[in-house]
Amino acid sequence: MKLISDKFNEECGIFGIYGHPEAANLTYLGLYALQHRGQEGAGIVSSDSFHLHCEKGMGLVSDIFSADVIKRLPGHAAIGHNRYSTTGGSHIKNVQPIMINYALGSLALAHNGNLINSKLIRDELEAYGSIFQSTIDSEVIVHLIALSREKDLLGRIIDAVSKVKGAYSLLILTEKEMIALRDPWGFRPLCLGRLDGAYVAASETCALDLIEADYVRDIEPGEIVVINEQGLKSYHPFAEAKLSPCVFEYIYFARPDSHIFGRNVHTIRKGFGRKLAEENPVKADVVIPVPDSGVPAALGYSEYSGIPYENGLIRNHYVGRTFIEPQQAIRHFGVKIKLNPVRDVLKGKRVVVVDDSIVRGITSRKIVKMIRNAGAKEVHVRISSPPIFFPCFYGIDTPTRQELIASNHTIDEIKKYITADSLGYLSIEGMLGVIPDSDSGFCIACFSGEYPVPFTKEEVIQLGLFEDWVKGAVKS
């Protein structure tokens, strides 16, 4: 039995370091800190100034990289990638970094994000003879770099990414340098740090914390940072775009101890919970979270409402991806193997259960029934994000719109389906009001359907969309 998640799934995590004798080992630790962003596979490519060395595997970082494997990754620079498949299947051939030999030497690339026009470009490249080794959209960028007629690598990278559309935080490694860049919209996070004179780049600051690197700044949307023996140089070669960092990084994806887009994740999530309590009050005896991502919002809800906070659901942190279910069926097996109720906390109580989102509604229904079976008198569900109406195409593995329960049902219908006594969501206005300077722009397409990057009609067809799903975002 494979456990099917009823959450939005993490995109990917990337980490790189230049100028340190333990580059590969530190990259392994960085990926370990970013494990929450992808658990299907991981890879590291290192440089010893003359050659690139690559090691990849399926599964968790700690299962792939032993001490012996790290010894096969010599050099002063390395980049790494944790994978969750947003485009392409879960196979070893799709594990990044992608590594190639081309006219200017060797190159490895790690990508966090998703390209909305990758299939159109891939079809065109294959028509002209390009041979792809994987099914991931990231390989399109590698082919465009290799085929570019620009004379140097920086020019080729600018040329290549100017042709793609969507979300991309990238790390690129050659024999002599490491390059980091973000798309002009800034969908996915990428930060810059320093460690003993070395430069570090990572999806989240929690990876810097683990290796005791100093946070310097975020790499800016549309910025390319080139790091080599001469130091660091910054370039801004792209036209400015409307800043659209993904608000779901705050809601669910990022670790609460990270600083994302200049703000602490835990603080923002706690603020969501306080605003949720203000907008959706209820008389109750106890507030409990759905662990782990619901914890900060539940704390905020409890603080604002004055209702005591308790850990009413205990999470098993040692759950893998596949289970052998007993022949005698166990009700709600997939949820029970991950969560177990604390009956003494719930019995006879009016319970507020706080979660970060509802996607399909299947897991929420099982959790509510589990809490009732533990003796709760009432179960009131509170969600610290707005209803999700639309899928994401910028690096999050989301269900289709037909599978998103909010896109086909009213809040009252969802409440009845999950068997809650009441159901309340955080409003879009309330959510953005919690984030300082949110008027400078955040991507809320999964809530509003207003996608920041315009789609052509051909892209709409290839993504399996309907034009009314991307209102105002389709160009002729």
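Predicted model: local features only at pLDDT ≥ 70, side-chain atom pairs only at ≥ 80, totals over all residues.
Residues are numbered from 1 along each chain as its sequence is written, and side-chain values use heavy atoms, with hydrogens and water left out.

- N280 counts as buried at 16% relative accessibility, where buried means under 20% relative accessible area, exposed over 50% and partly exposed in between (1.4 Å probe, protein chains only).
- Although N280 and L423 are 143 residues apart in sequence, their C-alpha atoms are 8.6 Å apart in space.

**Aromatic rings**

- The structure holds 13 aromatic pairs, a pair being two rings of Phe, Tyr or Trp (its six-membered ring) whose centres lie within 6.5 Å, with planes under 30 degrees apart counted as stacked, over 60 as edge-to-face and the rest as tilted.
- The pair of Y28 and Y32 is tilted, because the ring centres are 6.3 Å apart and the planes stand at 55°.
- Y28 and Y32 are 4 residues apart in helix α1 (residues 23-33), which separates them by about one helical turn.
- Y28 is buried, with a relative accessible area of 17%, whereas Y32 is partly exposed, with a relative accessible area of 47%.
- Helix α1 is mostly covered, as 8 of its 11 residues are buried, among them A23, L26 and L31.
- Y250 and F442 form a tilted aromatic pair, with 5.9 Å from centre to centre and 45° between the planes.
- Y250 lies in helix α8 (residues 248-253) and F442 in the loop between α16 (428-434) and α17 (445-448), so this pair ties together parts that are 192 residues apart in sequence.
- Both Y250 and F442 are buried.
- One aromatic cluster is formed by W185, F187, F393, Y394 and Y451.

**Charges over rings**

- K176 lies over the face of F50, at 5.2 Å from the ring centre, the criterion being that NZ of Lys or CZ of Arg is within 6 Å of the ring centre and within 35 degrees of the ring normal.
- Over the ring of Y417 sits the charged end of R365, 4.8 Å from the ring centre.

**Strands**

- From strand β16 (residues 286-289), V286 and I288 point one way while V287 and P289 point the other way, and all are buried.
- β16 pairs with strand β19 (residues 350-355) in the parallel sense over 4 bridges, where a pairing requires that DSSP finds at least two bridges between the strands.
- Within this pairing, P289 stands opposite V354 in β19.
- Strands β12 (residues 224-228) and β13 (residues 231-235) pair in the antiparallel sense over 5 bridges, and a hairpin joins β12 to β13 through 2 residues.

**Cavities**

- The count comes to 3 cavities of 30 Å³ or more, a cavity being a set of points on a 1 Å grid over the protein atoms alone where a 1.4 Å probe fits but cannot get out, and lining residues having an atom within 4 Å of a point.
- The largest cavity has a volume of about 80 Å³, a volume being the space filled by probe spheres set on the points, which are joined across faces, edges and corners.
- Of the 10 residues that line the largest cavity, the closest to its centre are C246, C392, I396, C443 and C446.
- The second largest cavity has a volume of about 60 Å³, and its lining includes V290, V354, D355 and I367.
- The elements that give two or more residues to the lining of the second largest cavity are β19, α13 (362-373) and β20 (378-383).

**Backbone geometry**

- Most residues other than glycine have a negative phi, and most peptide bonds are trans.
- A cis peptide bond joins Q96 and P97, with omega about 5°, and P97 lies in the loop between β4 (77-83) and β5 (98-102).
- Another cis peptide bond joins P291 and D292, with omega about 0°, and D292 is placed in the loop between β16 and α10 (295-305).
- D196 has a positive phi near 50° and counts as exposed at 68% relative accessibility.

How values were computed. 1 Å grid on protein atoms, 1.4 Å probe; cavity = no way out; pocket = protein on both sides within 12 Å on 5 of 7 lines; lining within 4 Å.
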